[in-house]
Structures are given as structure tokens and as C-alpha cells.
Amino acid sequence: MGSTPGFLGRRRGERDPRLPPGQYDTGADWPVLTAEATPTLDTATWSFSVTGLVERPATWTWDEIRALPGATYDGDIHCVTTWSKLGVTFAGVSVDTLLAAAGPRPTAAHVLVSCHTDYTTNLPLADLTGGKAWVVWEFDGKPLDRQHGGPARLLVPHRYFWKSAKWVAGLRLLDHQERGFWEINGYHDRGDPWLEQRYHGD
Amino acid sequence: MTDPTAGPSRAAAAPGPGPWQRATVTEVRQEAPGAKTFRLALPAPVAHLPGQHYVVRLTAPDGYTAQRSYSVASAPPPDPAADPTIELTVERLADGEVSSYLHDVVAPGAELEVRGPIGGWFVWRGDTPAVLVGGGSGVVPLMAMLRHARRIGRPDLVRLVVSVRTPPDLYYAGELAGPETTVVHTRVAPPGSARPPGHLTVDDLPELADGAVAYVCGSSGFADAATSLLVARGVPTDRIRVERFGATG
């Protein structure tokens, strides 16, 4: 398809190589996009679990998960609504650490992520392993705001940000794909921003 | 813990949107200061659900693209083949590279690349009572729901509450009025208004019928406030669907 007559776009020099196609830099803003009412979660009763096709189903309390070896992510996040936020820092625990405790079975290939709300999202297990995913509770050195998913959210920054479920409650490992909230509603099962996998069929 | 059988994951499946298509702008209307409605004729029309949106993509000569999502304001036509049009209402944002192009450049006859309809959650299919709460331009997808309710002869199913700063800020002012709608003014009320200007309160919200679903659309601050009021009104959180707009332009 050709260009749009009269459209030049934002004045731009070299496009920041950190921006995937079709994305723009939101700068200091961090837009809030959620489909549900923002919950207030009590860390006294909060929990996170890894279940399904694992050797040892595991559940952590708030204090227990925070006692695990910590990990941080320094990099960028990309929302399917076309904003990206560059150079952010999150702190929490690597999903690898959580999975190692539970011991995925060889048949585990997919994950359905659940939340303390009714939100869900699905990913291939391989997208959550190898230092590519975290459960995080700090953003730029401060506790994660509840509107951004606090007390803790999933962080899968190499996928569009709807995969990084707010108010995350657990991972269920499966041998088949079960679609989550936005995936049922037309959004992509993988969601790779560099391939612009926004909707099914992309 | 949540009940795994309740809530969002039970929403009916919606297919992905169709491919990009080149729509023709057939009409442009000033809806309010800073807001225009664009009527688009689609070469490959698909019946949308009230609440769904389209993506508009602009391409610069060097291949740079910018795309933004805009809610459909029109009701689904009874027969998309006979009426292959949609209406998108777009607020002009000061630094919005897409909205400023649409406002400043696009006129009837222009072609726009669009893709949709998108969304299967913030939709109302006309089969439940619904309370619609919109702030400012958040009224747009709710207007599609109101128009649909009226078109199918069931305006009794919906109650729409719109919050705007001043009377001129109200979109669809001529069409919106009716026994099923309430307009709340936060800064300036119209002359003779019984309600003094002020933020939305729990008293501005209607009683919810049994089985009603609440749809909230607006800025993040508005959505949080309106959701809290609905909860205070006794609406269970799993009956509240929220669409927020952040920094889109």
C-alpha cells in the first residue's frame, strides 16, 4: 500500500533502533490500559503458584517469593496500542527460578497465566524461559503501583505488554494451548512486537 | 481466588480482524470543539459489534507508519452490504500525529487505510441491560451501544451517563438526549440546570437492573473514579467492563 497523501509523521531524525515497527516512544508517560476494575490486593493473603504439568506444584506467599534470589530487567516494553517505553527497570524474580522449583514435565509446552482478577493470557512455555520473563514488584526502584499491576505483575518484555499480566497469580503449564483474555478476543497467541503480531493471522 | 468459570475468559470468541483495507471518507462532521466524526465507506464491510474499534494507519513517503485505534460511533448497520459504512469520532490531541492529520488534512474523498473491527470484550450485543458511563470522548463506543439499542427498539435496555466539562464539550448533543441518558457537567452546567457542576457522584448513576453489565470508558482517572462509584452502587466488579485511553494520538 502506498503512502498517505500529505502525511509526513512526527518530525524524526534517526528512528530509535529500540523501537519495533509501528511503535512510538511514549517518553515519560506510562499509559494505563486495563479491561477490568483495578483491584486492591493485600500482600498478607497474596500468593503465586506454578501448577499443571510440573513435578512439584509450588505456591509462594508474598514474603516467600521476595526471599527468592532477585533479578532485574533493564530495557524496553512495547504495548500493542503502539506505545513503547524505553529504558525502564523492573525488579523481582526470574520466572526461571520459579519454574526450577516446580520442575516442568517434558510434555509442558504452553502456559496459561492467571491473575488475582479474572484476567488470563497465554504464552508458549519457551517464551517464559531462558532469562526472558520475570515476576516483578518494583519499577524504577519503587514498589509497583496497583494501577500498573502491583503488588506484582508478570513481565515478558519481548512480547507485547498484554502478555505481562497485571496482578499475576500463577502459571499453569499445559501440553496444549488454552487462549487467554485478549487472545480469545482476537489478539495474537505469540505477540512478537518485532514481527508486529498484534492480531490472529498477523 | 477468583472463580475460574466466571469473568473475562468466558467472553465469546471473536475472530481476528480482517486485512487492511482502503476506506473512502464520505463525510466529515465537527462533533464538538476538537472532535470530528469521519464517515468511512469500506470496500470489504464486516458487521461490527457496538463497542468495537478500528485501527487507522498512516504511511509517510519514507515508509514510516503511525497507527491508532478509534472506537466506532455508529450502530452496526442491519445489512453491511447495503450500508458499508462506519463512523469514527476522533478527538484532536495537541501532539497527536494521527489525530492532527485526520483533523487538519482529511476531507471527503480522501482514502484511509483501516483495519477492523477489533475487540470482543468491551462490546454490547444488545441482549443484556447495560449501564454506560463515559467521560468526555469516552462516550464514543457507548454511543454505538445507545444507537444500537434505539435501532433495535430496546432503548429500555440501556442507561447512559456522560460526564463532560462544559455543555459544548458534549458529543452527539442533538441526538443523545432522551429518557435513557443523563449528562453530568463537571465545570459549567447549562443555564437552568438543577444539578450544580461537579464531578460524577454515586447519585448520578442509575440503579442497575438484574443481570446488567456496566461499561465504563474514559481517561484512566475517570475510569478509576467511575468504577469506584459503580462498586459503591453495589455493582460486582465482574460486571464492570472498562476501556481506558492512555497516550494515544
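This is a predicted model: local features need pLDDT of at least 70, side-chain atom pairs count only at pLDDT 80 or more; totals for chains, interfaces and linings use all residues.

Colleague: What makes chain A as compact as a globular protein of its length?

Modeller: Chain A has three helices and 11 strands. The radius of gyration of chain A is 17 Å, and the globule rule gives 17 Å for 202 residues, so chain A is as compact as a globular protein of that length. Along the principal axes, the C-alpha trace of chain A spans about 60 × 35 × 30 Å. Buried residues are 46% of the 202 in chain A.

Colleague: Why are β9 and β11 of chain B said to stand at the edges?

Modeller: The strands of this open sheet in chain B come in the order β9-β8-β7-β10-β11, with parallel pairing. Both β9 (181-185) and β11 (240-245) of chain B have a single partner strand, so one side of each lacks a neighbour in the sheet. From one strand to the next the twist averages 10°.

Colleague: How do you know that β7 of chain B pairs with β10 of chain B?

Modeller: Two strands pair if there are at least two bridges between them. Five bridges join β7 (residues 130-135) to β10 (residues 213-219) in chain B, so the two count as paired, and they run parallel. B:Val133 has B:Val216 of β10(B) as its bridge partner, and B:Leu132 stands opposite B:Tyr215. Helix α4 (residues 220-232) of chain B packs on the sheet, and its direction makes about 150° with that of β10(B).

Colleague: What joins β7(B) to β8(B)?

Modeller: Six bridges join these parallel strands, and B:Val131 stands opposite B:Arg159 in β8(B). Between β7(B) and β8(B) the chain passes through helix α2 (residues 139-151) of chain B, in a right-handed β-α-β crossover.

Colleague: Why is β7(B) called mostly covered?

Modeller: A residue is buried if 20 or more other C-beta atoms lie within 10 Å of its own C-beta. Six of the six residues of β7(B) are buried, so the strand is called mostly covered. B:Ala130, B:Leu132 and B:Gly134 point one way, while B:Val131, B:Val133 and B:Gly135 point the other way, all of them buried.

Colleague: How many residues of each chain take part in the contact?

Modeller: Chain A gives 36 residues and chain B gives 44. On the side of chain A that touches chain B, 14 residues are nonpolar, 18 are polar and four are charged.

Conventions
Residues are numbered from 1 along each chain as its sequence is written. Chains are lettered from A and ligands numbered from 1 in the order in which they are written. Helices (H or I, at least four residues) and strands (E, at least two) are DSSP runs, numbered from the N terminus. The radius of gyration is taken over C-alpha atoms; the globule rule is 2.2 Å times the number of residues to the power 0.38. A residue is buried if 20 or more other C-beta atoms lie within 10 Å of its own, exposed if 12 or fewer, and partly exposed in between; C-beta atoms are placed from the backbone. Axes are lines fitted to C-alpha atoms, for helices over the stretch in contact, and angles run from 0 to 180 degrees between N-to-C directions. Two residues are in contact if their C-beta atoms, placed from the backbone, lie within 7 Å. Ala, Val, Leu, Ile, Met, Phe, Trp, Tyr, Cys and Pro count as nonpolar, Asp, Glu, Lys and Arg as charged, and the others, Gly among them, as polar. A crossover is right-handed if, with the strands pointing away from the viewer, the path from the first strand over the helix to the second runs clockwise.
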